[in-house]
Amino acid sequence: MDRRSVLALGAGVAAAPLLTACAGASTTGGGGEGTVTLLSNQFSPVEERQRFEAILKARVTAVPVAFNQVETGIFASTLQSQVDSGKPQISLAGAQHGDLAPHASRLIDLDDVLGRLGDRGFAPELVELAKLGGATTKYIPWMQASYVLAVNKRALEWLPSGADVQKLTYDQLLDWATAGRQGNGGKPIFGLPAGAKGLYHRFLQGYLVPSFSGGQITTYRSADAVAGWQYLKELWAQTAPASTGWDNMQEPLQRGEVLVGFDHSARLVGAPAAKPDDWLMVPAPAGPKGLGYMAVVVGLGIPNGAPEADRAKDVIESLTTPEVQLDVLRQNAFFPVTSAPVPADLPPAVALAEAAISAQRDAPNAILSLPPVGLGARDGEVAQVFKDTFKEILIDGRDVKAVVDAQGARLDGIVAEAKVPCWAPDPARAECRVA
């Protein structure tokens, strides 16, 4: 796999969700017959949704689109209920790879669309991921992102001697968080998005465990992985306790509640937006095995029986043009999935994120992690294993090895029943299993 080609900067069910999802007005005019209803769990902050709606109005003019942004649970239940009832109203579904994966059988094949978009320059890894473990294309890559650290420069006074903030190790991050807390009158300077809607499980799946063990699944019960969780227990002791209530880090960083935070790039750019000169964005730290990082891939799929399938394909074509890809980057800090060159005049906060993500991707010790591949309806269960391990070790204070052993057995049961090959960074093999 060519990691450099993945920008890896890099979502009783029937009636209510159906009505909720289709309540939105047409974003680009028209409405009714001929309108493509785009259901998505992306751009949930109001400002992000409004900016994307403005992009739709400006760039997707041939087909009226009704953009319906919903929570991930409503996205899943709406897509399921509409398709399974045989009466879909959605013509296009936009969500992260892991949110589309459980619905592979509810999405039409899009090999014809992929063929029409041969000039987009999709990375081969993204094209393969879009098959959702099957033989045909189930979604077209839409945009991508990754996770980095945002740093208020005020925190640099506590950076350990000899540490390069652009090339941190996890040990240095712990020393920094410890010194910062001591120097800040006992108030933690470091935070994680560990709230109910936070993406902290991506930190565990794509960063911590791979950086310490070299794998995501096969090494879950290894001594190296146990060492990683023991490390996290130490770091958690220096982390702001309010982290368990934070769904994103840009808001507590803006408020000055912490000075250093890890999160999805789109959930960080709001922090330095007003005063970019006061901020840095830097790659995630490296561990004993390397710098683990995760690609966040968002795709566009068409549900079986979609009322405007042909028009939905036209919308996909519009949303993958260089102009729209770069508009989304400038406005909402999601990076292109195509070969569209990244411009030099990005908004300062987005430029900070782009530089950090590029440095992270291009680090000689980088370890690319992908979200679970080919698990279908069991995709979310893998994320829940990581979340439960986090809770039992860090919140409940249980024994690290005992928890990792028990959760590793649970994880092994999930992948064993699925009978799927391993995905990066675990070595390719016919069936992925926890050692």
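First, the housekeeping: it's a predicted model, where local features need pLDDT of at least 70 and side-chain atom pairs count only at pLDDT 80 or more, while totals for chains, interfaces and linings use all residues. Residues are numbered from 1 along each chain as its sequence is written, and side-chain values use heavy atoms, with hydrogens and water left out.

So, overall. We've got 15 helices and 11 strands, taken as DSSP runs numbered from the N terminus (helices H or I, at least four residues; strands E, at least two). The C-alpha trace spans about 65 × 50 × 40 Å along its principal axes. And 59% of the 435 residues are buried, meaning under 20% relative accessible area with a 1.4 Å probe, protein chains only.

Now, the holes. On a 1 Å grid over the protein atoms alone, a cavity is where a 1.4 Å probe fits but cannot get out; a pocket is an open set with protein on both sides within 12 Å along at least five of seven lines; lining residues have an atom within 4 Å of a point. Grid points are joined across faces, edges and corners, and volume is the space filled by probe spheres set on the points.

The largest cavity comes out at about 40 Å³. Its lining includes His97, Arg202 and Met294, with helix H4 (97-100) and strand E10 (296-301) each giving at least two residues.

The second largest pocket is about 350 Å³. Of its 20 lining residues, Arg51, Gln250, Val269, Gly270 and Ala273 lie nearest the centre. Helices H2 (46-59) and H10 (250-254) are among those supplying at least two residues each.

Terms used
Buried < 20%, exposed > 50% of the residue type's maximum accessible area, 1.4 Å probe, protein only.
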